[in-house]
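Hi,

Here is the structure I promised to pass on. Have a look at it first, and then read on for what turned up in it.

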Amino acid sequence: MSERLAKVIARSGVCSRREAEELIKQQRVTVNGETVETPAFNVEGTEKILIDGEKLPQKDKVRLWVYHKPTGLVTTHRDEKGRNTVFDNLPKGLPRVISIGRLDLNSEGLLLLTNSGELSRSLELPSNGWSRRYRVKVHGRLDKDKLAGLEKGIEIEGVTYGSIKVEIDSEQGTNAWLSVTLQEGKNREIRKVMKFLGLEVARLIRVSYGPFQLGSLKKGEVKEVPQKVLKEQLGSKFSK
């Protein structure tokens, strides 16, 4: 049975499926000695696939790490502006990993890392129903009714955001800490929604992603999730 070349590359753990499609577009992938020019290319699984002349690695067992991302790092392997990246600052000894979702430059907290491109793509899908929970420090006057209304979703500048649950943890003057829970996690979603409500985000910390928690992990630290826990939490996704 044939399948997309990008999917095969992602399953090897080299990169995500999206990144694999970019490599193909850049004509850096060959199949049986021929350069592939379009991501709409299927393989049977017996072909010789090379990226920049190198063979795909043998598929390793699926592994997952929780990482406490500090602020000031971008979640990308290469940054065109030359900024520090998450992957430049990981502890030595880790295999090549990719992130599950992203945290922007000024955000911190839990970032999941995996050696499986296929798992990364799977766990990013909103259809998993996995919530992302954040602690958010904001500056400005809270409108409790508008915050409560976010649970029904909101549209901002033509972009529709799904249900966002907001709880007020503490409030002092024009400063407040909020607990924010969402499932989609679109680009800079929390910052854009809070700005729309007249609130400035001063700090944004992701504390959980699905069943995985930041806990007491210190900034810059990485901890591997035990294989037993992976099997329990990921179920059928674990074998991808």
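Strand β15 is largely enclosed by the rest of the structure, because seven of its 10 residues are buried. Please keep in mind that this is a predicted model.

With β10 (132–139), β15 forms an antiparallel pair held over eight bridges. One of the bridges to look for joins Arg-133 to Ser-208 in β15. With β9 (108–114), the pairing is parallel and has two bridges; here Glu-108 faces Ile-205 of β15. The strand β16 (residues 212–213) pairs with β15 in the antiparallel sense, again over two bridges. Ser-208 has Gln-213 of β16 opposite it. β15 and β16 make a hairpin with two residues between them, and Gly-210 in that turn has a positive phi of about 60°.

The largest nonpolar core counts 32 residues, and Val-138, Val-180 and Met-194 have the most contacts inside it. Elements giving two or more residues to this core include β10, β13 (164–172), β14 (175–182), α5 (189–196) and β15 (200–209). Which of the elements gives the most to this core? It is β14, with four residues. In soluble globular proteins, nonpolar side chains tend to be buried together.

Helix α3 (residues 117–124) is worth a look too. This helix is mostly covered, with six of its eight residues buried. The buried ones are Gly-117, Glu-118, Leu-119, Ser-120, Ser-122 and Leu-123. They pack against α1 (5–11), β8 (98–100), β9, β10, β15 and α6 (227–234), which brings us back to β15. At the start of α3, a side-chain oxygen of Ser-116 comes to within 3.0 Å of the backbone nitrogen of Leu-119.

Finally, there is an open sheet of four strands, in the order β3-β2-β5-β6, with antiparallel pairing. β3 (34–35) and β6 (54–55) are at the edges with a single partner strand each, so one side of each has no neighbour in the sheet. β5 (residues 49–51) and β6 pair over two bridges, and Ile-51 has Glu-54 in β6 as its bridge partner.

Not counting residues up to four places away in sequence, Ile-51 touches Ile-9, Val-14, Leu-23, Arg-28, Val-29 and Leu-56. The C-alpha atoms of Ile-51 and Gln-27 are 9.1 Å apart, with the two residues 24 apart along the chain.

Happy browsing, and best wishes

Notes:
Residues numbered from 1 in each chain as written. Predicted model: local features only at pLDDT ≥ 70, side-chain atom pairs only at ≥ 80, totals over all residues. Heavy atoms only, no water. Core = buried A, V, L, I, M, F, W, Y, C linked by side-chain atoms within 4.5 Å. Buried < 20%, exposed > 50% of the residue type's maximum accessible area, 1.4 Å probe, protein only. Pairing = 2+ DSSP bridges. Contact = heavy atoms within 4.5 Å. Polar contact = N/O pair within 3.5 Å; in protein donor to acceptor, adjacent residues only side chain to side chain.
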